[in-house]
Amino acid sequence: MGYHEIKRPRAGALRRGGFVYKFSFSFILFLICHIIFIFYFGSCTQKVNLSRAEFVLGTNCVVSLFENANVQVLKDVFVRLREIDNLMSVNIPASDVSRINAAAGVESVKVNEDVFELIAMAVYFAEISGGAFDPTIGPIVNLWGFNNNPSVPLQEEIDAVLKLVNWTDIVLDSDSTTVFLKKPGMALDLGAIAKGYAADETAKIITNAGINRAIVNLGGNIVVIGKNKDDRPWRVGIQDPNGERGSYIEVVEVSTNDSYMSVVTSGAYERFFEQDGKRYHHIFSPSTGYPVKNELLSVTIIAPNSMYADALSTAVFVMGYEIGLELIESIEGIEAVFVFEDGVITKF
Ligand code: AMP
Ligand code: MG
């Protein structure tokens with residue numbers, strides 16, 4: 001990751017060997033010519049690297065450009081990411097998703113077209129995963145307190161709230177781009193798909209700007225663009241579910257065919273809390289209302305579209321290895337890496 005740091009002298013004077021030299025006119029002219037030279041030849045050889053990290057979408061987002069980079073592209077990316085956050089976050093009361101949730105069981109809500117499309121895609125993934133992926137999981141996520149103070153709820157609380165989790169109770173009207181949740185108390189949660197969508201939007205901005213070498217990391221949703229500096233496929237590490245952050249259990253080589261590819265992992269280790277010596281994580285079974293418990297520790301999807309990779313990694317994690325694999329095999333152009341509890345890694 002390259003950072004370009006320009007160290008500026010203190011204005012007006014340079015101190016060297018105990019003497020202060022006042023800037024002369026010719027020295028300033030020399031400096032200006034020098035700066036123009038660096039910028040001109042820097043842009044000609046297209047070697048400028050730029051990287052920027054910000055906390056947005058509830059996570060740390062890092063965008064690194066390795067070719068033809070310019071600050072405006074980074075600005076455009078983060079403006080777009082904030083826009084997406086403001087539309088889709090359940091933690092922002094004025095977001096479209098929060099407005100839909102507040103009107104559950106009461107009225108339909110007119111939403112932004114991008115939000116509508118994303119909800120329609122979430123419904124599609126719910127359908128193809130047999131409901132394992134369910135964007136109406138909100139009441140369960142809230143009950144377990146994953147957005148503030150997590151704890152294990154009572155069984156009767158889970159039973160009551162589970163009645164509100166059902167993706168077939170989402171009513172979409174594409175003519176008016178309105179969304180209606182049939183039952184009061186229902187709540188959408190796009191946490192399993194929104195970062196993927198945002199990563200695709202980021203990739204579009206970067207490639208439209210003619211940048212063909214870049215990496216985007218939106219809290220673990222990775223997009224790689226083009227090839228690495230040696231003109232080889234990017235290598236992306238898959239987190240070791242039992243190791244420290246940044247320790248990899250596997251590294252995958254990702255060929256992009258001159259466009260981009262995404263690598264997204266869903267894992268029990270990403271967000272969790274402990275109570276009475278037991279660990280509870282953030283990916284729920286929509287049929288039991290409990291964190292998913294199967295033989296998997298993580299599922300990674302490699303796909304030419306980050307929204308697909310994001311939704312499918314969550315869906316397949318919930319479905320488990322065998323049924324999840326059937327889903328993956330039914331979709332062209334995607335690969336998967338499964339990490340099992342016993343440490344075995346299986347790739348498709
Ligand atoms: P991810 O890290 O992409 O697998 O997404 C996990 C997040 O998606 C959680 O933090 C919840 O907000 C939400 N979520 C949890 N369980 C499900 C589920 N079964 N279907 C859809 N979203 C879920
Ligand atoms: Mg996901």
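Fig. 1. Buried means under 20% relative accessible area, exposed over 50%, and partly exposed in between (1.4 Å probe, protein chains only). This is a predicted model, in which local features need pLDDT of at least 70 and side-chain atom pairs count only at pLDDT 80 or more, while totals for chains, interfaces and linings use all residues. Residues are numbered from 1 along each chain as its sequence is written, chains are lettered from A and ligands numbered from 1 in the order in which they are written, and side-chain values use heavy atoms, leaving out hydrogens and water. Threonine 59 sits in strand β4; strands (E, at least two residues) and helices (H or I, at least four) are DSSP runs numbered from the N terminus. Its relative accessibility is 14%, so threonine 59 counts as buried. Beyond four places in sequence, threonine 59 is in contact with Glu54, Lys195, Leu218 and Gly219; contact means heavy atoms within 4.5 Å.

**Fig. 2. The surroundings of lysine 195.** Lysine 195 belongs to helix α7. Setting aside residues up to four places away in sequence, lysine 195 touches Leu57, Thr59, Leu218, Gly219, Asn221 and Asp310. Glycine 220 lies 25 residues from lysine 195 along the chain, with 9.1 Å between their C-alpha atoms.

**Fig. 3. Helix α2 against helix α7.** Helix α2 covers residues 71–88 and helix α7 residues 194–208. They pack at an angle of about 155°, with their axes 10 Å apart. The two helices are therefore roughly antiparallel, a term for angles over 145 degrees. On the α2 side, the contact is made by Val73, Asp76, Val77, Arg80, Leu81, Ile84 and Met88. On the α7 side, Ala194, Tyr197, Ala198, Glu201, Thr202, Ile205 and Ile206 take part.

**Fig. 4. The largest nonpolar core.** This core has 79 residues. Such a core is a set of buried Ala, Val, Leu, Ile, Met, Phe, Trp, Tyr and Cys residues joined through side-chain atoms within 4.5 Å. Leu65, Leu81, Met88, Ile193, Ile206, Ile301 and Phe338 touch the most other members. Helix α8 (residues 306–319) supplies the largest share, nine residues. What does isoleucine 301 contact, leaving aside neighbours within four places in sequence? Its partners are Ser262, Val263, Val264, Ala309, Leu312, Ser313, Ile328, Ile334, Glu335 and Ala336.

Fig. 5. Asparagine 68 is not a glycine, yet has a positive phi of about 55°. Its relative accessibility is 28%, so asparagine 68 counts as partly exposed.

**Fig. 6. Threonine 177 in the loop between β6 and β7.** Strand β6 spans 170–173 and strand β7 spans 178–181, with threonine 177 in the loop between them. Phi of threonine 177 is near 40°, a positive value in a residue other than glycine. Threonine 177 is buried, because its relative accessibility is 8%.

**Fig. 7. Tyrosine 124 and tryptophan 167.** Tyrosine 124 is part of helix α4 (residues 113–128). With a relative accessible area of 32%, tyrosine 124 is partly exposed. Tryptophan 167 is 43 residues away along the chain, and the C-alpha atoms of the pair are separated by 9.8 Å.

**Fig. 8. The whole chain, for context.** The chain has nine helices and 17 strands. Of its 348 residues, 49% count as buried. Among contacts with a separation of 6 or more, 60% join residues 24 or more positions apart.

Notes. Axes are lines fitted to C-alpha atoms, for helices over the stretch in contact, and angles run from 0 to 180 degrees between N-to-C directions. Angles under 35 degrees count as roughly parallel, over 145 as roughly antiparallel, 65 to 115 as roughly perpendicular and the rest as oblique.
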